[in-house]
Every structure is written in structure tokens, then in C-alpha cells.
Amino acid sequence: MNFDFYKQPETVRVLLIAAVGMILGLLTYEIMYYLNPFSPRATISWTITFLIGIVRQHALHRYFTFQHKASYVKSLSRASFVDVSALFFSTGFNWFLSEVLMIHHRIVWVCCLLSTGLISLLFLKKYIFRTAVDTP
């Protein structure tokens, strides 16, 4: 069977790249959590991992999902605006779940990932990777 990634519908490409990013994000988080000596450990590890993920996911979606040709800096700045907003929300959410409710850090990671994934998904095509044709 010949699977041509770029001939797949955009939705399939988004989901596949999101899955790759999720796996890479979990690996990065586990390393950060293991190496992190500071408290609150889960929240600090989440924040560092998320910041790394901003650049990684942007590059993955730019090159594999949308094959975006416009300015890299412009699309990364849009992604950073959306992702930093999501980071502020998810950092507080992470702290609340892990430090106040005392939920296991991996379950908290999944909850935060789902919440930020939803935020990113809402803005990915319409705001971050919009083209000049899409721009009002």
C-alpha cells in the first residue's frame, strides 16, 4: 500500500501531526519532570515542555500539515500569541489540578494537553497559517 501523506485530506494531516507532537511532547515532559528539582514540579515541567512544543509543533504543522509558504516569522509570531495565551491558562490549570486537587502529574498533563490542543485547533488554520488570500 502506497501512503502519500501530502495527498491526505488536511484534517487527516492535522490529526497525524498532532499525534506525533503529542508523543514528542510526552517524551519531553517525562524528561523534564524527571530532571526538574524545583517545585511545583509538574507545573514547571509543563511550562518548559510547552515552550519547547510551541516551536516544534509550529514547524511540524508548517512543513507537513499546511506546507505553508508565507513568512516563517509571521506565522510563528501568530502561533506564539495563541500558544502563550494557552500557556497562561494551562499553567494555572496545571497548578490547580496538581497542587490543589493533588491529581497525578500524568493525568494533569493529559488534561492540559487536551485543553491547549482544543485552543490551538480552533486557531490553527484560520489565524496562524492563514494565507494572503485568507487575510481580510
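Is Met102 buried or exposed? I began my notebook with this residue. Met102 is exposed, because its relative accessible area is 62%, and over 50% counts as exposed. I note that the model is a predicted one.

**Entry 1: Met102**

Met102 belongs to the loop that joins H3 to helix H4, the latter covering 105-128. I then read its backbone angle. Although Met102 is not a glycine, its phi is positive, at about 60 degrees.

**Entry 2: The chain as a whole**

In sequence order, the pattern reads α-α-α-α.

I recorded the burial as well. Of the 136 residues in the protein chain, 36% are buried. The accessible surface of the chain is about 8,400 Å², and carbon and sulfur atoms hold 73% of that surface.

I also looked up how far apart in sequence the contacting residues are. Among contacts in the protein chain with a separation of 6 or more, 67% join residues 24 or more positions apart.

For two packed helices, one gives the angle between the axes and the distance between the axes.

I took H1 and H2 to begin with. H1 and H2 have axes 8 Å apart and pack at an angle of about 150 degrees. The two helices are therefore roughly antiparallel to each other, since angles over 145 degrees are counted that way. The crossing of H1 and H2 is right-handed. I sorted the residues in the contact of H1 with H2 by class: 15 are nonpolar, eight are polar and four are charged.

**Entry 3: H2 against H3**

I then examined helix H2, residues 41-65, with helix H3, residues 72-100. Their axes lie 9 Å apart, and the packing angle is about 150 degrees. That angle makes H2 roughly antiparallel to H3. By class, I list 15 nonpolar, nine polar and two charged residues in the contact of H2 with H3. For the handedness, I noted that H2 and H3 make a right-handed crossing.

**Entry 4: Tyr72**

Which residues does Tyr72 touch, not counting residues up to four places away in sequence? I found Val55, His58, Ala59, Arg62 and Tyr63. Tyr72 itself is part of helix H3.

Arg62 and Tyr72 are ten residues apart along the chain, and 8.4 Å separates their C-alpha atoms.

**Entry 5: Pro40**

My last entry concerns Pro40. Pro40 is placed in the loop between helix H1, which spans 10-35, and H2. The bond from Ser39 to Pro40 is cis, and its omega is near 0 degrees.

Which residues does Pro40 touch, leaving out residues up to four places away in sequence? The contacts I found are Trp95 and Glu99. I compared sequence and space for the pair Pro40 and Glu99. They are 59 residues apart in sequence, while their C-alpha atoms are 7.4 Å apart in space.

Definitions and conventions:
Residues are numbered from 1 along each chain as its sequence is written. This is a predicted model: local features need pLDDT of at least 70, side-chain atom pairs count only at pLDDT 80 or more; totals for chains, interfaces and linings use all residues. Side-chain values use heavy atoms; hydrogens and water are left out. Axes are lines fitted to C-alpha atoms, for helices over the stretch in contact, and angles run from 0 to 180 degrees between N-to-C directions. Helices (H or I, at least four residues) and strands (E, at least two) are DSSP runs, numbered from the N terminus. Angles under 35 degrees count as roughly parallel, over 145 as roughly antiparallel, 65 to 115 as roughly perpendicular and the rest as oblique. A crossing is left-handed if the near helix is turned anticlockwise from the far one by less than a right angle, and right-handed if clockwise. Ala, Val, Leu, Ile, Met, Phe, Trp, Tyr, Cys and Pro count as nonpolar, Asp, Glu, Lys and Arg as charged, and the others, Gly among them, as polar. Buried means under 20% relative accessible area, exposed over 50%, partly exposed in between (1.4 Å probe, protein chains only). Contact means heavy atoms within 4.5 Å. Accessible areas come from the Shrake-Rupley method with a 1.4 Å probe; for residues, only the protein chains shown count as cover.
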